[in-house]
Amino acid sequence: MNLDDTEEQKSIKEQIGKLLQEQCGIAVVRRVIEGTAPDYDRQLWRSLGELGWLAAGTPEQYGGMALDPVFLCGMAEELGRALAPVPVASSVFLAAQIVREHGSESQRQKFLPLLGSGATIGTFALWEGPGGLRPHVAAHVRDSKLYGFKSPVPDGVVADIAVVAAVTEAGSEPALFLVELDQPGVSRRPLHTLDPTRPAARLEFSGARVEALTATDWTAIERVTDRAAIFCAFEQVGGAARALEEAVAYANARYAFGRPIGGFQAIKHRLADVCIQIELARSNAYHGAWALNTPGTDLPVAACIARISATRAFELAARELLHVHGGFGMTWESDCHLFYRRSRHLAVGLGGAGDWSDRLVGILDRQSRVQAG
Amino acid sequence: MNFDDSPPDALLRAEFASWLAANAPPFQIDAPMPRAEEVKATRAWQAHKARAGYAAFTWAKEFGGRGGTQYQWLLFNDEEGKYRLPVDIPHGGIDLVLPTLMKFGRPDQYRPLAESTRTAQIIWAISFSEPGAGSDVSAARLKAVRDGDHYVFNGQKTWTSWAKFSDWAITLARTDPGVSKQKGLSCFILDMRSPGIEVRPIRYMEGEAHGFDEVFFTDVRVPAAQLIGKEGDGLKIFLSTLSLDRFTTTSHREISAVNFEPIFRLSKAITDGQTRRIDERDVRQRLADYYCDIRGVQNLRARHMTGMARGEDLGPETAIGKLVLANRLQEMAAFTMDWLGPAGVASEADYAADLAAVHEAYFMSAGYRIGAGTDEIIRNSIGERVLGLPPDIRTDKDVPFNELRETAAKRQ
């Protein structure tokens with residue numbers, strides 16, 4: 001039994017944790033949310049690219065370190081802890097993963113080194129307004145030209161390329177296409193977002209040139225979001241763990257009625273519940289990392305349980321962090337809202353928990369019918 | 001990151017699995033069975049294990065143990081759990097009492113009992129709780145008064161495991177009411193056939209007894225040689241015994257998926273006219289949450305076993321599984337009855353077996369939230385010992401037991 005980080009993973013997490021401590025203090029996050037640094041932190045993004053982190057999972061022939069997906073999980077956890085305002089999820093955990101799995105050799109050669117260095121930012125565009133895990137897709141491709149819109153597109157304001165889901169004929173399942181965004185036929189409009197450290201945009205396509213990828217149905221698209229959901233679960237666990245640490249520190253330091261408020265069971269038991277939810281979430285996330293690394297496992301179920309547990313844990317941790325701070329937690333000045341925003345952003349970014357629950361039970365139902373013959 | 005045993009552990013597991021495959025099947029039982037028969041079946045299986053060296057896994061070899069680690073014992077337990085074997089009854093004696101005696105007692109106290117405990121010829125009762133001393137066991141009132149080379153016991157214990165079928169018991173009694181409640185307790189072992197002991201089984205709310213009893217003491221004479229440690233060591237010894245029980249509580253059935261299955265089957269079988277309940281969004285949400293918690297607890301256990309395999313000392317976080325799933329089971333049992341409407345509380349139909357399982361879960365889950373550490377005690381331990389939050393304020397630490405308000409209130 002070895003359901004824990006290996007020594008190698010621990011050392012990588014330490015390295016990136018140290019980098020984030022130096023370059024991504026809470027002041028860096030606040031710069032973005034205050035609007036004094038636009039959209040994401042350029043300096044941190046450059047550092048992550050120069051030190052090879054953005055290419056950690058990329059095969060060596062495309063300029064990467066070819067590390068196992070579990071290392072990306074560790075990186076995601078550290079980025080989550082730091083509330084890092086950089087487009088790693090869109091560019092690395094989605095766009096680069098998709099190009100690697102579903103790109104042609106020439107597409108890989110062209111885009112993976114650019115995504116790996118950070119020179120190019122990628123994103124993933126599935127939704128067209130409100131929707132579940134298999135949202136209605138009206139965007140369509142005719143003669144390698146894309147028509148329609150996508151919204152919200154994470155990091156869509158700053159992305160250079162996007163992987164877009166679109167149909168090729170009426171009634172067909174959507175397929176994935178690669179679009180370079182700096183071309184006529186693409187227009188973008190920034191959206192006001194709940195968490196400004198994770199910006200989003202509406203993209204309009206009026207005949208933009210696209211390249212086909214090999215993902216041509218929902219099963220392939222869900223495989224993409226399943227993998228991203230496991231990375232995201234680590235980001236959520238990292239954020240939740242940090243929120244709990246901050247809440248405990250405050251509960252130990254703040255006095256009321258003659259004693260630290262953490263000594264009151266009303267507070268102590270809430271924070272114990274946060275700890276419990278994080279332990280469950282971390283456990284299901286580790287299981288997800290194992291599934292990512294182990295061919296032949298039930299990736300959809302692994303992704304569902306990792307995502308649902310992680311969403312619940314970060315949500316609870318962020319709420320209780322704010323609540324334990326009392327009135328101060330409600331202010332712009334406190335950092336509580338950074339967690340409160342990020343937890344909600346991550347909770348719906350790949351589809352809401354309700355839709356993932358729906359999907360999970362659907363899978364269990366189908367599996368039980370298959371077993372029953 | 002994986003669920004694989006290390007190569008030496010894999011070898012061990014294979015050894016256990018093949019021994020069990022060859023030996024376990026004839027000893028399997030059809031639960032539920034009358035307790036007296038379960039005791040007989042227990043003794044047969046335990047004696048058989050003892051001959052192969054598997055009976056007292058973590059004991060030193062000189063006492064007939066295997067000298068194995070706690071982790072190796074869990075591996076054996078995992079494999080043993082794949083058969084329906086009578087393993088509940090000897091757990092207290094082998095895993096809790098004798099290790100406690102070996103740590104705090106004298107060889108003349110545990111040597112004569114070790115062999116027969118190992119083979120379950122002696123069955124042990126664990127007798128700590130009292131009607132007024134549950135989570136706060138230091139409030140125990142069972143009186144032990146020194147009289148020559150004996151102590152005379154008067155009072156009552158409750159929730160004593162297996163008392164009706166046990167030969168010996170480990171217990172806590174108050175030897176000095178003039179000091180604080182924590183300092184005036186002492187630990188004893190005693191012969192359950194001593195004159196003056198009366199055992200009454202506790203009938204649970206659903207109507208059955210489940211191996212826990214009330215024990216009444218009237219002028220019971222216990223030899224002073226059966227005091228474990230010194231007078232006043234009782235609470236320290238109790239806490240140490242309790243810590244031995246940590247990992248076992250999560251391995252029991254409340255964490256397993258067996259409780260999910262009847263609820264899941266009902267959600268597929270029950271329709272409201274056309275729609276199966278499982279196809280309704282609120283039902284799916286609740287099922288998904290429950291399923292995620294079950295998998296979370298199983299994966300958490302794998303992480304804890306990873307720590308144990310490395311020799312790490314585990315704390316109160318091992319009780320998370322029990323806390324989470326007991327609460328979830330209680331909610332889900334009630335929620336399942338809700339889908340069924342009035343039929344949810346009446347067992348009549350082709351799904352009666354699954355509904356009966358839900359009814360049983362409704363009753364038993366309430367107890368899971370209390371036994372082996374209440375929800376509140378577990379949350380306190382996690383808050384204080386995992387998170388490092390301040391302890392509760394105690395008003396009973398420096399007051400002699402016989403001057404405490406709780407004691408005075410009882411006297412009236």
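Student: How many salt bridges are there between chain B and chain A?

Tutor: The model is a predicted one, and in it the count between chain B and chain A is ten salt bridges. One of them joins A:Lys268 to B:Glu384, with 2.6 Å between the closest N and O atoms.

Student: Which elements give two or more residues to the side of chain B that touches chain A?

Tutor: They are α7 (260-269), α8 (281-309), α9 (320-340) and α11 (375-386) of chain B. The greatest contribution is that of α8(B), with 18 residues. By class, this side of chain B has 24 nonpolar, 17 charged and nine polar residues.

Student: How many residues are in contact across the two chains, and what area is buried?

Tutor: On chain B, 50 residues are in contact with 49 residues of chain A. The buried area is about 4,400 Å², and carbon and sulfur atoms give 60% of that area.

Student: Changing topic: how many cavities of 30 Å³ or more are there?

Tutor: The count is eight cavities. The largest cavity has a volume of about 70 Å³.

Student: Which residues line the largest cavity?

Tutor: Its lining is made up of A:Leu54, A:Gly57, A:Thr58, A:Leu72, A:Val92, A:Ala96, A:Gln97, A:Arg100 and A:Leu112. Helix α5 of chain A, residues 88-102, gives the most to this lining, with four residues. By class, the lining has five nonpolar residues, three polar and one charged.

Student: What about the second largest pocket: what is its volume, and which residues lie nearest its centre?

Tutor: The second largest pocket has a volume of about 710 Å³. Its lining comprises 38 residues, and those nearest the centre are A:Pro154, A:His345, A:Val348, A:Gly349 and A:Leu350.

Student: How do the lining residues of the second largest pocket divide by class, and what are the counts?

Tutor: They divide into 24 nonpolar, nine polar and five charged residues.

Terms used:
Residues are numbered from 1 along each chain as its sequence is written. Chains are lettered from A and ligands numbered from 1 in the order in which they are written. This is a predicted model: local features need pLDDT of at least 70, side-chain atom pairs count only at pLDDT 80 or more; totals for chains, interfaces and linings use all residues. Side-chain values use heavy atoms; hydrogens and water are left out. Contact means heavy atoms within 4.5 Å. Buried area is the accessible area (1.4 Å probe) that two parts lose on being put together, summed over both. A salt bridge is a side-chain nitrogen of Lys or Arg within 4 Å of a carboxyl oxygen of Asp or Glu. Ala, Val, Leu, Ile, Met, Phe, Trp, Tyr, Cys and Pro count as nonpolar, Asp, Glu, Lys and Arg as charged, and the others, Gly among them, as polar. On a 1 Å grid over the protein atoms alone, a cavity is a set of points where a 1.4 Å probe fits but cannot get out, and a pocket is an open set with protein on both sides within 12 Å along at least five of seven lines; lining residues have an atom within 4 Å of a point. Grid points are joined across faces, edges and corners, and a volume is the space filled by probe spheres set on the points.
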